[in-house]
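Please keep the sequence and the structure at hand while reading.

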Amino acid sequence: MRGWMIPPPQPPTKSWQEFEEERAAKVRWLIERGFLKSERIKQALLKVPREDFIPRLYGDYAYLEVPLPLPGEHATISCPHSYPLFYEPLGLDEGHRFLEIGSGSGYGAAVAREVVGSGGLVVSVEIDPLTLEFARRNLEKAGYRDIVLVQGDGGLGHPESSPYDRMAAAAACVEIPPPLIEQLCIGGRLIVPVIEGDRQNLTLFEKGVEGIQRRVICEVLYVSLRGPYGV
Ligand SMILES: C[S@@+](CC[C@H](N)C(=O)[O-])C[C@H]1O[C@@H](n2cnc3c(N)ncnc32)[C@H](O)[C@@H]1O
């Protein structure tokens with residue numbers, strides 16, 4: 001069976017210091033396993049307290065390699081390794097204008113905000129209003145007030161803030177939504193799990209003057225994009 005074993009909900013027991021130690025250990029693990037290479041992404045992962053983006057009864061599991069449930073329909077925060085898995089091939093860097101499809105907990109947007117810095121921009125689109133409200137509260141509490149949060153179908157992008165240098169979709173689609181390609185600048189990159197038969201391939205797209213190049217990174221397992229571009 002393909003899937004994840006979600007641990008049972010339990011009242012939180014861990015201290016701030018334990019979380020800090022787990023976060024540092026997770027970053028070392030990500031480097032050892034080859035997921036994490038860039039210094040900016042490393043610093044962002046060390047800085048953002050993942051435990052503050054997780055529902056209280058799952059908080060103790062913040063640094064386990066499992067997706068955890070969030071308020072909303074089929075919403076989850078992705079496993080810790082997913083963030084460098086997406087952001088490293090994207091080459092997410094200082095000054096980028098970044099679009100995230102699927103805000104979930106808000107954690108991915110916070111990490112991206114740290115990476116792109118004050119000269120960049122993070123826009124995050126979430127289709128589920130309950131999930132978006134959860135992300136909004138988490139981001140506000142963590143002090144991220146300049147991330148643009150949008151409720152809607154991320155397959156349509158967010159033309160108001162386009163063009164984007166980088167895009168990441170944390171939900172799987174059958175075909176790349178054309179609005180996303182339109183809103184990507186030349187030289188821009190998009191990473192997304194693409195459903196091919198009974199598999200999902202995490203695929204990197206790069207937009208050049210002569211068209212789109214694509215490269216499969218690895219097999220993954222994500223919730224499907226809701227709306228016309230999912231299943
Ligand atoms: C794996 S979760 C995202 C995890 C998130 N990046 C985080 O850091 O917590 C996928 C999210 O995509 C959202 N989603 C699904 N279809 C969508 C769509 N068409 N537009 C925007 N969000 C969508 C789901 O509601 C869910 O919250």
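An oxygen atom of the ligand is placed 2.6 Å from an N or O atom in the side chain of Ser105. This is a predicted model, in which local features need pLDDT of at least 70 and side-chain atom pairs count only at pLDDT 80 or more, while totals for chains, interfaces and linings use all residues. Residues are numbered from 1 along each chain as its sequence is written, and side-chain values use heavy atoms, with hydrogens and water left out.

**The ligand**

| Residue | Ligand atom | Distance |
|---|---|---|
| Tyr83, polar side-chain atom | oxygen | 2.7 Å |
| Ser105, side-chain N or O atom | oxygen | 2.6 Å |
| Glu126, side-chain N or O atom | oxygen | 2.6 Å |

In total, 23 residues surround the ligand (a heavy atom within 4 Å of it), and the closest are Tyr83, Ser105, Glu126, Gly154 and Arg226.

**The largest pocket**

A pocket is found on a 1 Å grid over the protein atoms alone, as an open set of points with protein on both sides within 12 Å along at least five of seven lines; its lining residues have an atom within 4 Å of a point. The largest pocket has a volume of about 920 Å³, where volume is the space filled by probe spheres set on the points, joined across faces, edges and corners. Of its 47 lining residues, His74, Thr76, Ala170, Tyr222 and Val223 are the closest to the centre.

Helices (H or I, at least four residues) and strands (E, at least two) are DSSP runs, numbered from the N terminus. Helix H3 supplies the largest share of the pocket lining, five residues. By class, the lining holds 25 nonpolar, 15 polar and seven charged residues. Here Ala, Val, Leu, Ile, Met, Phe, Trp, Tyr, Cys and Pro count as nonpolar, Asp, Glu, Lys and Arg as charged, and the others, Gly among them, as polar.

His74 is found in the loop between strand E1 (68–69) and E2. Its phi is near 55°, a positive value in a residue other than glycine. His74 counts as exposed (over 50% relative accessible area, with a 1.4 Å probe and protein chains only), at 61% relative accessibility.

**An enclosed helix**

Just after H4, Gly117 takes a positive phi of about 70°.

**The loop between E5 and E6**

His158 lies in the loop between strand E5 (148–151) and strand E6 (164–169). With a relative accessible area of 12%, His158 is buried. Leaving aside residues up to four places away in sequence, His158 touches (heavy atoms within 4.5 Å) Leu99, Val123, Val125, Val148, Val150, Tyr164 and Gln183. Pro163 also has its place in the loop between E5 and E6, and a cis peptide bond joins Ser162 and Pro163, with omega of about 5°.

Technical notes
Polar contact = N/O pair within 3.5 Å; in protein donor to acceptor, adjacent residues only side chain to side chain. Buried < 20%, exposed > 50% of the residue type's maximum accessible area, 1.4 Å probe, protein only. 1 Å grid on protein atoms, 1.4 Å probe; cavity = no way out; pocket = protein on both sides within 12 Å on 5 of 7 lines; lining within 4 Å.
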